[in-house]
Amino acid sequence: MKSLTIQEINTIINGEIVGDTSHKISGLEQIQKANNTQATFIGNRKYAALWADSKAALAIVNDNIDLEPGENRVLIKVKNADLAMAKLLEAFTPKTPHFETNIHSAAVIDTSAKIGKGSRVGAGCYVGKDVVIGNNVTLYPNVTILDETTIGDHTTVWSGAIIRERSIIGSHCIFHNNVSIGADGFGYRPSDDGRGLVKIPHIGNVVIGNGVEIGANSCVDRAKFSSTILGDGCKIDNLVQIGHNCVLGRFCIMAGSSGLAGSVTLGDGVMIGGSASIKDHTTIHSGATVGAGSGVMNDVPAGKTVLGYPAVDSREMLKQWVALRKLAR
C-alpha cells in the first residue's frame, strides 16, 4: 500500500503545514470515517466542527478557516482545499487494469484500420474499416469503434462503449462504460396515410473536441445532417442525453440525468444541473446556469441563472416559492 509523509504531500499541494504527526498517510477518506493513517479535507466552515472528533491524521483546510491541529495531527492550509484534494487523489490513484499485450489476440481489427504507437486494444474489441486511432489510446475490453471514425491521441474508452461510424473524437478524452456516441437521433413524422410513423434518417455525425469526459451510460446522438458537436473540455455526467444537432461550446458541464433535446445550443461554460431538461432549438448563452430539475423552454441570456419548471430567473423563482409557502400556511 502506498504511503506518503506530510512533507511529500505538501510538495504536491504546496500549502502551509501546521502541527506535527508521526503517522504516514496511506489514503483519503471522509472526515467522519477517516482513521489515523488517512487524510481528509475541510473546504467549508460548516465541516470544521467535525475535526475535533475525527481520527484523521491530516486535514487539508482552506486557509480562511481557523482550526487547531490537535495532538499528533496536522493541518495543511491551502487557498482551495477542493483543488488541493484533487491533486492528492491523483497521487493515490490505483493502477489502471493491466494489459498483457498492447493488442489482444481476441480483438477484431479491420486490415484498413490504423492504430497509433503505444495504443492498446483489449479483448473483444471491434475496430472497423478505415478507423484511425492516434497514439497512446486505450480501448478497454469489449469496445466497438465503427467505420471511418477518428480518435485522437491519449484518449481512453472504457468497456461497453460504442462509437458509431464517421465520428471524430479529439485527444485526451475519457469515455466511461457503455457510452453511446453517434446513435441515430430521435426523429419521426406521421405517415401520409396517417396510420403510422415515418423514421427520419440521420446521416450526419458526432464531433467531439479535446479533453472531453463523458460518464457511464450517456448518449450523444448523430446529427440529422452536419454534426452534433461537443467543444473542448466539456464534462458530461452519467445518464445524460445529448440530442441530434446539439452544439456545446467549450467547458460546459452537464450533471447526471439531464438532457438536451435536438438542436440545442450551449455557449461556453454553461452549467446544467442534474435532471434538468432543455427544449429543442433552445440557446443557452455563455456562462449561464440551469438549476437541477429545471425545464428550460426559452433561450437563456449569458451569465443568467434559471430555476424551476418552466425555468425563470432564479431569484424570481425563489420569490414564487416563498409566496406559495406563505399561502399554504
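A: In this predicted model, the lining of the second largest pocket divides into five nonpolar, five polar and one charged residues. The lining consists of Gln-30, Ile-31, Gln-32, Thr-40, Phe-41, Ile-42, Gly-43, Asn-44, Tyr-47, Leu-50 and Asp-82. Strand S3, residues 38–42, gives the most to this lining, with three residues. The volume of the second largest pocket is about 170 Å³.

The largest pocket has a volume of about 270 Å³. Its lining counts 18 residues, and those nearest the centre are Phe-186, Lys-224, His-244, Gly-262 and His-281. By class, six residues of that lining are nonpolar, eight polar and four charged.

The model also holds an open sheet of ten strands with parallel pairing, in the order S6-S9-S12-S15-S18-S23-S26-S29-S32-S35. Strand S6 (108–109) and strand S35 (295–296) form the edges, each pairing on one side only. Within the sheet, strand S15 (residues 162–163) pairs with strand S18 (residues 180–183) in the parallel sense over two bridges. There, Ile-162 stands opposite Ser-180, and Ile-163 stands opposite Ile-181. S18 also runs parallel to strand S23 (residues 219–221), joined to it by three bridges.

Key:
Residues are numbered from 1 along each chain as its sequence is written. This is a predicted model: local features need pLDDT of at least 70, side-chain atom pairs count only at pLDDT 80 or more; totals for chains, interfaces and linings use all residues. Side-chain values use heavy atoms; hydrogens and water are left out. Two strands pair if DSSP finds at least two bridges between them. Helices (H or I, at least four residues) and strands (E, at least two) are DSSP runs, numbered from the N terminus. On a 1 Å grid over the protein atoms alone, a cavity is a set of points where a 1.4 Å probe fits but cannot get out, and a pocket is an open set with protein on both sides within 12 Å along at least five of seven lines; lining residues have an atom within 4 Å of a point. Grid points are joined across faces, edges and corners, and a volume is the space filled by probe spheres set on the points. Ala, Val, Leu, Ile, Met, Phe, Trp, Tyr, Cys and Pro count as nonpolar, Asp, Glu, Lys and Arg as charged, and the others, Gly among them, as polar.
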